[in-house]
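Trainee: I would like a close look at a single part of this model. Please go through it slowly, with the terms spelled out.

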Amino acid sequence: MIIRETEARSILLKHKKIDSWFISRYALNLYRGCTHNCVYCDGRSERYQVNGTFGENVAVKINAVEVLARELDPKRRRAKLYPSYIMLGGGVGDSYQPAEKRYELTRRTLQLLNKYKWPVHILTKSTLVERDLNLIKQSNQQIGAIVSFSFSSVNDEISAIFEPRVPPPSKRLETLAYFKKEGITTGIFLLPVIPFVTDLPNMIEETLIKAREVGVDFVIFGGMTLKYGRQKDYFDNVLKERYPQLVTEYARIYKGDVWGHATEEYYHSINTVFNQIARKYKIHRRIPPAVYKDILWENDLVIVMLEHLDYFLQLEGKRSSFGYAARAISKIDKPLSTMKRELRKIKGIGEKTEKIIIEILDTKSSSYYNNLS
Ligand code: SF4
């Protein structure tokens with residue numbers, strides 16, 4: 001591991017619109033690069049400008065906590081911040097990668113978030129997160145905490161090929177069960193499933209059975225992207241070595257899309273399989289509203305629930321204008337509760353959507369959502 005200590009000028013990444021996958025408006029990258037070195041990691045792509053050899057080099061933002069303190073302190077911060085979970089993880093480096101043992105940036109960030117009473121959503125592949133149980137529990141008691149783990153499957157042997165430096169899925173599941181027992185909201189990001197290896201119906205089903213056994217609150221599913229350049233080259237080398245028979249199948253679904261997407265048909269087929277199995281086991285396919293309805297600003301709550309509805313319908317092969325309406329609402333600064341009579345003037349909002357929005361504003365719930373989720 002080659003560590004480079006750097007100084008950051010700002011830490012809080014502000015999304016233009018609340019992210020309805022993670023229920024977060026803000027994200028943090030305390031480390032740049034990730035020595036976990038998962039074979040499919042899209043942080044490897046040139047697009048994210050991680051310097052050096054991905055998997056070996058990691059930049060540590062040693063002043064991150066001090067900068068974040070300035071950005072969160074109500075007396076010193078310049079921009080208005082809206083309540084939401086702050087996302088720790090994902091992006092271009094796991095917050096609990098080995099460097100964290102020495103630098104404790106994640107641990108100190110949790111202390112700071114607790115001081116300012118910000119809810120936190122942690123996404124990791126490392127069981128080192130257990131070290132911070134007390135801080136996470138404190139956050140959960142004060143306002144809210146979510147601990148999520150990402151998986152490409154629950155098969156330890158396959159994980160050893162594609163996720164060589166993280167604890168095996170069986171250990172990650174144990175850690176999830178541990179947090180669940182402590183009263184923390186927990187989730188699985190089954191993301192990415194690896195085409196023709198871990199996207200098979202029996203493998204998805206196995207993961208969802210384990211998810212149910214552990215009692216996680218949700219499972220979020222997604223397929224893999226392979227961007228041309230470092231990410232695809234690295235992945236292809238492993239594929240050729242371990243699964244040479246799949247090379248032509250990959251060429252069939254990854255056709256050089258600039259974002260590294262596979263074909264629509266492929267994603268549709270795996271999403272349909274996931275949807276059927278998740279419904280069979282009654283597993284939430286998005287973070288349930290009970291986890292955030294008392295935290296978010298009302299407009300954000302409406303946006304998240306509309307985007308979730310759009311997703312549920314897509315999974316059933318139906319189209320909706322809910323996603324379009326959510327994007328239009330994200331550009332509005334006024335609280336929607338002050339605009340109830342004008343909702344229909346917003347693009348994408350017809351009679352049905354208006355009714356759903358008013359129910360959400362009045363009750364923080366939606367009967368239509370409850371039926372679909
Ligand atoms: S743990 Fe996450 S960020 Fe780190 S290499 Fe794996 S996929 Fe990438």
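**Gln 97 and its surroundings**

Mentor: Leaving out residues up to four places away in sequence, Gln 97 is in contact (heavy atoms within 4.5 Å) with Tyr 31, Gly 33, Cys 34, Thr 35, His 36, Val 58 and Leu 128. This is a predicted model, in which local features need pLDDT of at least 70 and side-chain atom pairs count only at pLDDT 80 or more, while totals for chains, interfaces and linings use all residues. Residues are numbered from 1 along each chain as its sequence is written, and side-chain values use heavy atoms, with hydrogens and water left out.

Gln 97 sits in the loop between strand 6 (85-89) and helix 2 (99-103). Helices (H or I, at least four residues) and strands (E, at least two) are DSSP runs, numbered from the N terminus. Gln 97 counts as buried because its relative accessibility is 0%; buried means under 20% relative accessible area, exposed over 50%, and partly exposed in between, with a 1.4 Å probe and protein chains only.

One of the contacts of Gln 97 is Thr 35. A polar atom of the Gln 97 side chain lies 3.1 Å from the backbone nitrogen of Thr 35.

Cys 34 and His 36, also among the contacts of Gln 97, belong to the residues around the ligand.

Methods:
A polar contact is a pair of N or O atoms within 3.5 Å; within protein, one must be able to donate a hydrogen and the other to accept it, and residues adjacent in sequence count only if both atoms are side-chain atoms. A residue is near a molecule or strand if one of its heavy atoms lies within 4 Å of it.
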